[in-house]
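Hello,

Here is the structure I promised to hand over. Please have a look, then read on for what turned up.

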Amino acid sequence: MTTSLEALAAWVDDVAALTRPDRIHWCTGSDAEYAEMVRRMEAEGTLTALNQDTYPNCYLHLSDPSDVARVEHLTYVCTRTEADAGPNNHWMAPDEAHAKIDALFEGAMRGRTLYVIPYCMGPLDSPLARCGVEITDSPYVVVNMKLMTRMGDAALERIEREGHFVKGLHSTGDLDPNRRFIMHFPEELSIKSIGSGYGGNALLGKKCHALRIASYQAREEGWLAEHMLIVGIESPAGETHYIACALPSACGKTNLAMLIPPESLPGWKIWTLGDDIAWLHPRDDGRLHAINPESGYFGVVPGTNARTNRNAFDMITHDAIFTNVARTATNEPWWEDKKEGEPAIDWQGRPYDPASGPAAHPNSRFTVGAKNNPVYTSLSEAPEGVPLSAIVFGGRRKELAPLVYQARDWRHGVLVGAGVGSETTAANIGEVGIVRRDPMAMKPFCGYNFADYWAHWLSFESRLSNPPGIFHINWFRQDKDGRFIWPGFGENLRVLRWIIDRTEDRIGAHETPIGYLPHAEDIDMQGLDIDSDVMRALTSIDESQWQAEMDAIEAYFDTFGDRVPAALRDELAAVKNGLSNVAAKAS
Ligand code: SAT
Ligand code: MN
């Protein structure tokens, strides 16, 4: 036994009896252990060293070509009743799910090592952090968990002190998509995942624990687990505001979290606290505080270059793991839009041929520790987190949604979040580019019925004397020819400034039925050459399109039946009413 916690020792024994590994290794989390794991994977051929002169300590992993993204259709939430999982989740009865997946785990680790990874999501000494243990047979998972979480001895110590932890069991199985399942048992605080080695399916601390299980746990304990980046924005006068922003996967959360102010806005500084997940807790000061449960980034690689995100571009030149990118003839990682070098070998390890598609997989990823980020802040370790000035929802919408707007109040803000729609991306296996409802960017990640989740969100109104403002952004508007009309990236700081000015009551706004829109002149445009017509399109709404949108949101709410909170229905009715009044006046 390698732990004083009986429940943990017994669980590891049970899993070993079921999966039959050759060896058991308790991860300490040391750097030496990481180095040894890397060496072993190199020997096995599952990790390849990249050019160590230009990319020191960088490695490449190529996954099975059928295992490159999350698999929402194979992801289940297994609550006792189907209604508790809600129409937003695939559901299976817990007994049936355990039986089905345990059969696949039988003997699955024969010939392999079983790794026990104790980890802590959030700063080790934070009362807001929560712990888990992942059992896996994948060395790739171990090295990624080392970069992404606080794992090993220190986490184990906390777990032994607290006596409880989220249980996550993972095996890559045989990678057959027909024997692949990602199952969550929120009532048991446990996860079982088999048949995939990909990030969100296999690094169980991330989406499985820190979102699906944690969202359930958060509802019971009175907090929120959200798919949000956390960023600090420091003005030239030295005033810093913290903002949490929810965007669907592969919509630029990492870029926004590491934003580089344009030269035309001197003196502004950005600090990254997190790029994917935020845990939000109401604190004694009446404000909502945020911590990032993770300690590293698992970001989309393609599109990263010195112009789009210099910080990320630099951050992944050392001590990083790349998954499914291409390589140059000199063994440097290569991806679409890198704007440097040429691909020689593609993400499947074949000589590059443009006829066989992109050189790097569109969902290829980098894994790095957060401290690699040039704008890392030690506040990421603050046990109390940071107080939020604003919560920002957003999606990828070619049309309809303006650049930015503000909800009237918390309750209306919950409607804005619940109504988010976004075009799908390559982060999930499935069709790309179709609009789907993605409330709070949590569609793939909420571990219980969305209707109950919205009610939980609404409950914070009375628990925060000083709530953050709620906003909605859209960086992805296109013209008729499919070109993006807003430059995005660093220029997004102009929008963040508007958001901060609004939360500080420093500027007015234009009231519309969907919320407050900017007066075009209140967005600082110095140094940016954008047509006034384009600015007008970005800061106005088309009422008839919005009427159709609200109808679509209403139809979506209807799929949740009477569980939808009355307050949310009232908010929706108020917006619809406002829109029809405007339409009546215009005709
Ligand atoms: O699911 S992952 O965390 O691997 C990536 C994503 O979809 O955000
Ligand atoms: Mn994500």
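Is Trp279 buried or exposed? Trp279 counts as buried, at 0% relative accessibility. Buried means under 20% relative accessible area, exposed over 50%, and partly exposed in between (1.4 Å probe, protein chains only).

Some ground rules. This is a predicted model, where local features need pLDDT of at least 70, side-chain atom pairs count only at pLDDT 80 or more, and totals for chains, interfaces and linings use all residues. Residues are numbered from 1 along each chain as its sequence is written, chains are lettered from A and ligands numbered from 1 in the order in which they are written, and side-chain values use heavy atoms, with hydrogens and water left out.

Aromatic pairs

The whole structure holds 21 aromatic pairs. Rings of Phe, Tyr and Trp (its six-membered ring) pair if their centres lie within 6.5 Å; planes under 30 degrees apart count as stacked, over 60 as edge-to-face and the rest as tilted. Tyr76 and Phe181 have ring centres 6.1 Å apart and planes at 55 degrees, so this pair is tilted. Tyr76 sits in strand E4 and Phe181 in strand E10, so the pair ties together parts 105 residues apart in sequence. Strands (E, at least two residues) and helices (H or I, at least four) are DSSP runs, numbered from the N terminus. Tyr76 is buried at 15%, and Phe181 is buried at 10%.

Trp279 has a ring partner, Trp223: the centres are 5.0 Å apart and the planes at 55 degrees, so that pair is tilted. Trp223 lies in the loop between H8 and strand E12, and Trp279 in strand E16. Trp223 is buried, with a relative accessible area of 1%.

Ligand 1

Which residues are around ligand 1? Among them are Arg70, Gly200, Ser249, Phe298 and Arg365. Being near takes a heavy atom within 4 Å. The shell divides into three nonpolar, three polar and four charged residues. A polar side-chain atom of Arg70 lies 2.7 Å from an oxygen atom of ligand 1. For Gly200, a polar backbone atom is 2.7 Å from a ligand oxygen. The protein buries 97% of the 250 Å² that ligand 1 exposes when taken alone.

Phe366

Phe366 is in strand E22 (residues 365–369). Phe366 is buried, with a relative accessible area of 1%. Its contacts (heavy atoms within 4.5 Å) include Tyr297, Phe298 and Ile316. The C-alpha atoms of Phe366 and Tyr297 are 7.5 Å apart, across 69 residues of chain.

Best wishes

Notes:
A polar contact is a pair of N or O atoms within 3.5 Å; within protein, one must be able to donate a hydrogen and the other to accept it, and residues adjacent in sequence count only if both atoms are side-chain atoms. Accessible areas come from the Shrake-Rupley method with a 1.4 Å probe; for residues, only the protein chains shown count as cover. Ala, Val, Leu, Ile, Met, Phe, Trp, Tyr, Cys and Pro count as nonpolar, Asp, Glu, Lys and Arg as charged, and the others, Gly among them, as polar. Lists of a residue's contacts leave out its neighbours within four places in sequence.
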